[in-house]
Amino acid sequence: MRRGLNAVLAALAVAGGVWGALALYFGLRAPPPVPDVLAAGFALTMAACLLGLPGWRRWAAAAGLFALVLAWWASLTPSNDRVWEPEYSRTASASRDGDTIRLHNIRNAAWLPDGTLRPHYHDADFRLSQLNEVDLVCSYWAGDAIAHVFLSFGFRDGQHLAVSVETRRERGKPWSALAGFFRRYELIYVVADERDLIGARTDARRERVYLYRLRATPAEQRALFLSYVDRIHTLAERPEFYNTLLNNCTTNVVDRANAAARVIPYSWMLLFSGHADRYAYDLGRMDSDLPFDALKRASLIHRPDDAVQDADFSREIRRGLP
């Protein structure tokens with residue numbers, strides 16, 4: 001029993017050492033080489049305790065070191081006030097007056113072929129009674145298992161509003177799925193014109209982008225849109241950390257749908273966001289006149305190399321789609 005207990009404690013200590021080193025490396029918002037040095041120092045000190053101290057002292061020392069890092073970790077708080085990458089420089093906010101929803105800081109960036117952008121923001125009013133369309137957008141940049149998933153809302157007056165849940169990165173900090181587990185990024189709802197959110201992926205990055213018309217009653221559409229509005233308002237006042245597994249683009253889409261109508265049970269498919277479209281199809285939220293594979297092929301947005309992102313962009317990308 002003693003040997004078994006020691007094995008369990010050793011496994012926990014090793015896991016705590018790895019977690020603590022990664023937390024320090026990714027979570028410390030300090031210039032290099034400070035995170036590298038502290039992460040390496042923690043890992044080496046933990047190893048020295050486990051290998052150099054006898055009996056119960058090694059477990060006590062390891063637990064004490066882990067508790068220090070955990071206490072620091074618990075003290076981390078998200079913020080809306082950092083030096084952000086230009087595409088995340090402003091936080092959207094929302095207010096409501098009866099049937100009218102006013103959204104502030106709607107992004108309409110011009111994306112250049114090299115991936116840089118010229119940011120532009122504006123405010124606009126949207127009427128709930130004019131909402132008549134909700135579309136699911138899935139953008140693939142590497143393989144078929146993972147996609148960026150977001151929604152776009154259409155109105156009878158021709159307006160379209162896309163909302164994408166993303167990692168809000170500080171300037172000069174690249175995206176990393178691993179870093180997303182360690183409070184490295186804040187969460188942001190990017191509220192934007194379709195020429196921005198969809199056009200960046202179809203025209204500038206040349207990703208495979210699929211657009212699906214979702215089946216929803218007018219009441220469900222309004223409830224879904226309002227759940228997004230409420231979430232945008234909340235994040236403007238109380239920021240949150242992004243989490244690669246628990247608080248990401250796909251989980252937020254599901255949470256918003258469930259906040260509106262409790263329509264999406266959780267599934268393993270949601271862990272692999274590239275299957276989110278198939279999952280929505282299986283739930284009956286897409287056109288079922290076609291088999292899914294045929295629907296997916298028909299829902300791919302085709303953009304010529306010389307395409308121009310003009311005022312007809314939303315109409316053009318939907319031309320020929322189911």
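Biologist: How many helices and strands does the chain have?
Modeller: One caution comes before the count, namely that this is a predicted model. Its C-alpha trace spans about 75 × 45 × 40 Å along the principal axes. The secondary structure of the chain comprises 10 helices and 10 strands.

Biologist: Among contacts between residues at least 6 apart in sequence, what share joins residues at least 24 apart?
Modeller: The chain has 322 residues, of which 45% count as buried. Among contacts between residues at least 6 apart in sequence, the share that joins residues at least 24 apart is 65%.

Biologist: Are H1 and H3 roughly parallel or roughly antiparallel?
Modeller: Helix H1 covers residues 2-27 and helix H3 covers residues 55-75, and the two pack with their axes 10 Å apart at an angle of about 30°. Since angles under 35 degrees count as roughly parallel, H1 and H3 are roughly parallel.

Biologist: Which residues of H3 meet H1, and how do the residues of that contact divide by class?
Modeller: The H1 side of the contact consists of Asn6, Leu9, Ala10, Ala13, Gly16, Trp19, Gly20, Ala23, Leu24 and Gly27, and these meet Trp59, Ala62, Phe66, Val69, Leu70, Trp72 and Trp73 in H3. By class, the residues of the contact of H1 with H3 divide into 13 nonpolar, 4 polar and no charged.

Biologist: Are H2 and H3 roughly parallel or roughly antiparallel to each other?
Modeller: Helix H2, residues 34-52, packs with H3 at an angle of about 160°, and their axes are 8 Å apart. An angle over 145 degrees counts as roughly antiparallel, and H2 and H3 are therefore roughly antiparallel.

Biologist: Which residues make the contact of H2 with H3, and how many of them are charged?
Modeller: From H2 the contact takes Phe42, Thr45, Met46, Cys49 and Leu50, while from H3 it takes Arg58, Trp59, Ala61, Ala62, Leu65, Phe66 and Val69. Sorted by class, the contact of H2 with H3 has 10 nonpolar and 1 polar residues, and the number of charged residues is 1.

Biologist: What is the handedness of the crossing of H1 and H3, and of the crossing of H2 and H3?
Modeller: For H1 and H3, the crossing is left-handed. For H2 and H3, the crossing is left-handed.

Biologist: How many disulfides are found, and how far from Cys138 is the nearest cysteine sulfur?
Modeller: The search of the whole structure finds 0 disulfides. Cys138 is accordingly in no disulfide, and the nearest cysteine sulfur belongs to Cys249. A disulfide would need the two sulfur atoms within 2.5 Å, whereas the sulfur of Cys249 is away by 9.1 Å.

Biologist: Is Cys138 buried or exposed?
Modeller: The cut-off for a buried residue is under 20% relative accessible area. Cys49, at 12% relative accessibility, counts as buried. Cys138 has a relative accessibility of 0% and so counts as buried.

Biologist: Which residues does Thr250 contact, leaving aside its neighbours within four places in sequence?
Modeller: Thr250 lies in helix H7, residues 249-261, and it is buried, with a relative accessible area of 4%. Beyond those sequence neighbours, Thr250 is in contact with Val149, Leu270 and Ser273.

Biologist: Which residues does Thr251 contact under that exclusion of neighbours within four places in sequence?
Modeller: Thr251 has its place in helix H7, and with a relative accessible area of 13% it is buried. Leaving those neighbours aside, the contacts of Thr251 are with Leu245 and Leu246.

Biologist: Where does Lys173 lie, is it buried or partly exposed, and what does it contact beyond four places in sequence?
Modeller: Lys173 lies in the loop between strand E8 (160-168) and strand E9 (186-192). Its relative accessible area of 31% makes Lys173 partly exposed. Apart from neighbours within four places in sequence, Lys173 is in contact with Glu85 and Arg184.

Biologist: How far apart are the C-alpha atoms of Phe150 and Ala177?
Modeller: Phe150 lies in strand E7, residues 148-155, and at 0% relative accessibility it counts as buried. Not counting residues up to four places away in sequence, Phe150 touches several residues, including Asp135, Leu136, Val137, Arg201 and Val253. Phe150 and Ala177 are 27 residues apart along the chain, and their C-alpha atoms are separated by 18 Å.

Methods: Residues numbered from 1 in each chain as written. Predicted model: local features only at pLDDT ≥ 70, side-chain atom pairs only at ≥ 80, totals over all residues. Heavy atoms only, no water. Axes fitted to C-alpha atoms, helices over the stretch in contact; angles between N-to-C directions. Parallel < 35°, antiparallel > 145°, perpendicular 65-115°, else oblique. Left-handed = near helix turned anticlockwise from the far one by under 90°. Contact = heavy atoms within 4.5 Å. Nonpolar A, V, L, I, M, F, W, Y, C, P; charged D, E, K, R; others polar. Buried < 20%, exposed > 50% of the residue type's maximum accessible area, 1.4 Å probe, protein only.
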